[in-house]
Each structure stands twice: as structure tokens, then as C-alpha cells.
Amino acid sequence: MPEFQRPTGTQDILPPESSRWDAMVARFAVTVEAAGYGLVLGPLFEDVALFQRVGESTDVVRKQMYDFEDKGGRRIALRPEVTASIVRVYVDKRPTTPWKVWSVGPNFRYESPQAGRYRQFYQLDIEAIGSADPDLDVEIISLGWNFYAALGLRQVTLLLNSLGDGACRPAYRELLRSYLDEHRGELCDEHKVRLDENPLRILDCKDPACVAVTANAPRQLDHLCEPCQAHFDRVRRGLDSLGIPYQIDSRLVRGLDYYTRTTFEYVALALDAAQNAIGGGGRYDGLVEEMGGPPTPGIGFAVGIERILLACDAEGVLASADVAPVLDVFVVDFAGGESAVTLTAELRAAGLRADRAFDGRSPRAQLKAADRSGARLALIVGPDEAASDRVAIKDLRGGEAGEAGQETVTKADAVAEVRRRLGKRPASAPNVTK
Ligand code: HAM
């Protein structure tokens, strides 16, 4: 057993698995940048008060936050999500609206680790701040939908709800509170006590006791004010017009407090219910103001990379073999000169994927390494070749064969010959290109 182990709930992502991450981030970037969203990268830690503002009554903030005092005596939290940071930036910089951005990176939640549930996990996140247009809800929701489709996922369900706004939610909340109060004794132990804090949270509780009580609870959707109803209807029509199927889920309140109006979640049917939410989000029309900015609507979602990969495994798509970068050529040099240094550099400068052996290994060991590397071709410089300023070129996958599958070309022609044999343009990731 090694002395040091990775912390509970974290993962080491190694090649070739990591190429699936690369592919996924690239696919997300292609999807959202085509719709005008630009990349924003922020700090992984923030003033703890920022997150307390967005989720005081949520488990994410109350129970799962990694918070600590730094050496300067500041109360810091590792970010449990990205939206709060992006809204902070918006309030600070006031960019022109709609401000359409996306982000990628790790988040931290002190969860009970299990498959698909980690203490450090990666999200791809998208936010559009500054427009209340329901067509923007449709744009955002459809980008998520298209992203999953582009990965090859087919068994994804979109759940849709509206949580109303400041005009209609308070009355609904009171209605729900008094309904739940009548059933207080039947709720789970935690919610018996915390019912009055935020009754909406109970709709999200997975404890069978709460699920049974809330099955017949009043639905926000039946108590929307006219503008919220019109907004929701328009979102539905927009999704219909794009042919994006959805299921209405009146219990979808989401795990953070800032949502208003449209909320949605993408569920992978191929995964177990406990972690089949592969993405989710919604409108947060009050959040910018809550953080000290002018009243400004916003909407966004985040998807969990690890969970999407589990869904890809379950559906048999996005295998690492399909997306891992493949070497074009491997340089073998047993003449002892600088050929490996210069040839490899020339190949790479020409846009080819090239690797080589190190440590002056024997010809046999180098050729074995070339075979193992997965490269299509080997360029070989032995003493004879070095003396005549030539290199031998060998097809490692048994393609075009000269003498024993190998022929020589002048060093000056080597790059062109490699290109010709590969029949290709400069190398790029095989399936997912940016
Ligand atoms: P969230 O639902 O808390 O929303 O997280 C979004 C996604 O992150 C989840 O659907 C799931 O795929 C993934 N995820 C969450 N927790 C974990 C975990 N412990 N392990 C693995 N994956 C996880 C938000 O974070 C909001 N900020 C989304 C948003 C953006 N709303 C508006 N804009």
C-alpha cells in the first residue's frame, strides 16, 4: 500500500481516459461557442459569504461546503458551483447584455462518495445574464440537449418545471407550508424540524416519507401568476418547435435557492436514480440584485462531466479508443547522433503527432516501443542511414510494404513521405475537433 492515497471522493484521471474529458470539453465548447458564448475562468475559492448568499437553506451550502480560514484570517470556501462566481463577476464588471459565457473546472462538495457522486467533480457550466426573454430559456435548454446528442447519448430525458417568481411564489410557498404542516408528523425527521425554513426543499427530499407526503402536495405550476404562466407557455412552445421532448416535473425545485421561473434537469435513463442527473439549471432572475447589482435576470445550467461519462459507458458511446489521440510516427534512432532530436522536432513542426525513444535504448527496445506506441509509422535512423543522410520508413500496421515493409528516403524528404503515407492533412483529434 503506497504511503499517500488520493483523498476520498476524488479521482485521478489518466490517459487514455482523460482523452474523453478533452473530447467532452471540446464538444461543449464547439456547441456553445457556435451560439455566441465565451469562456470565463474564475477562482476555485471565494469568500464563503458569496455561497451563503445563494444557498443558505440548501444542503450544498449548509452541509457540504469545504470552508476554512486562510492564513490572512479570511473565511474561504472551495466553490461548490460556478454560478455564484459568474454572477459576482457580472456585478463587478457590468458587461453588455445578454452576457453569454461558459466555464469548465472542478467544484467541491463534501458528499458521501459513490459512483457518480464525488467530493471533487467537474462541471461544464453556461450562463446568460441580462435577458428575461423565454426564447433564451429555449436556447440554453436546447444547447444542453444538443450537447448530449453530439456525444452520442440517446437515453436522456429533459425534466421541466416553473418555480414562479416573487409575485406568485410567496403565496404558493404558504399554501405548500400549510399543506405540509398538516402532514408534519409524516415527514422525515429532518424536515419535521426544518419545515418552516424552506418548505420547497421538501419537494426535493428523496426520503420515502417526504416523497409520499409531497405526492399530493399543491403544485407551483397550478399557481403561477399570469406573466410566469405566459413565460412557461412560451418556453414550452419553443421547445416544441425545436422538436425537443420534455416531461413536466412539478417537484423539480433543484438543490440551490436562487431559482425563479424555469427550472430543468437532464436525466440519464441508463444510470441509477441516485445519480442520474447529468445536468441541471434554471432561471435566477433575482440573483444579480441579491448580490448587489441592479435587477437583472439570468439563466444557466451545469453538467457533471463524471456523470456524463458514466452515462456514455452505459450507452456504449464516446469510448476512449474512439477519441484518444493517435500517434502518427515514432522516431527510432540507434545511430547515436542528433537525428532523433531534429527529426522529431521537424515532424511536430509539420503538425504531425510524433514521439521517440529516450535513454539510448537498444534498437530492439526502441522498435518495441514504436510498436507499443500505436503510431502508424516508424522513422528509423541506424548507422547506415546516418552515413547516407537517409532514414528508413516502416509501416507499423502492415500497410504499404517495401523491402520487409520498410524503405529509405532522404532525410529532407522524410516529412513529406510520412505525410504521403498517412494520406493526411496535419494531425488532429480523430473524432472531436475544435
Ligand atoms: P447542480 O444541479 O447542483 O447545479 O449541479 C449540476 C450538475 O453537476 C449535476 O446535474 C451533476 O451532473 C453534477 N454534480 C453535482 N454534484 C455532483 C457530485 N457531487 N459529483 C458529481 N457530479 C455532481 C449547479 O451546480 C448550478 N450551479 C447549475 C446552474 C448553472 N444553474 C444555473 N446556472
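Which backbone N or O atom lies 2.9 Å from an oxygen atom of the ligand? Keep that in mind while reading these notes; the model is a predicted one.

1. The answer is a backbone N or O atom of Ala277, which sits 2.9 Å from a ligand oxygen.

2. Glu127 has a side-chain N or O atom 2.9 Å from a nitrogen atom of the ligand. On the oxygen side, look at Arg254: an N or O atom of its side chain is 2.9 Å from an oxygen atom of the ligand.

3. Now for the whole shell. The ligand is surrounded by 27 residues, and the closest are Glu81, Thr83, Glu111, Glu127 and Tyr259. Sorted by class, the shell has ten nonpolar residues, nine polar ones and eight charged ones.

4. Where in the fold does the shell come from? Strand 6 (120-129), strand 10 (277-283) and strand 11 (298-304) each put in at least two residues. Strand 10 gives the most, with six residues.

5. Two packed helices are described by the angle between their axes and the distance between the axes. Helix 5 (residues 134-151) and helix 10 (residues 226-241) pack at about 45 degrees, and their axes are 8 Å apart. Angles from 65 to 115 degrees count as roughly perpendicular and those under 35 as roughly parallel, so helix 5 and helix 10 are oblique to each other. The crossing of helix 5 past helix 10 is right-handed.

6. A few backbone spots deserve a second look. Most residues other than glycine have a negative phi, and most peptide bonds are trans. From Pro15 to Pro16 the peptide bond is cis, with omega near 0 degrees, and Pro16 belongs to the segment before helix 1 (17-33). From Thr97 to Pro98 the bond is also cis, with omega near -5 degrees; Pro98 is in the loop between helix 4 (83-93) and strand 5 (99-108).

7. Last one: is the phi of Leu318 positive or negative? Leu318 is not a glycine, yet its phi is positive, at about 55 degrees. You'll find Leu318 in the loop between helix 12 (305-315) and helix 13 (320-323).

Methods:
Residues numbered from 1 in each chain as written. Predicted model: local features only at pLDDT ≥ 70, side-chain atom pairs only at ≥ 80, totals over all residues. Heavy atoms only, no water. Near = heavy atom within 4 Å. Polar contact = N/O pair within 3.5 Å; in protein donor to acceptor, adjacent residues only side chain to side chain. Helix = DSSP H or I, 4+ residues; strand = E, 2+ residues; numbered from the N terminus. Nonpolar A, V, L, I, M, F, W, Y, C, P; charged D, E, K, R; others polar. Axes fitted to C-alpha atoms, helices over the stretch in contact; angles between N-to-C directions. Parallel < 35°, antiparallel > 145°, perpendicular 65-115°, else oblique. Left-handed = near helix turned anticlockwise from the far one by under 90°.
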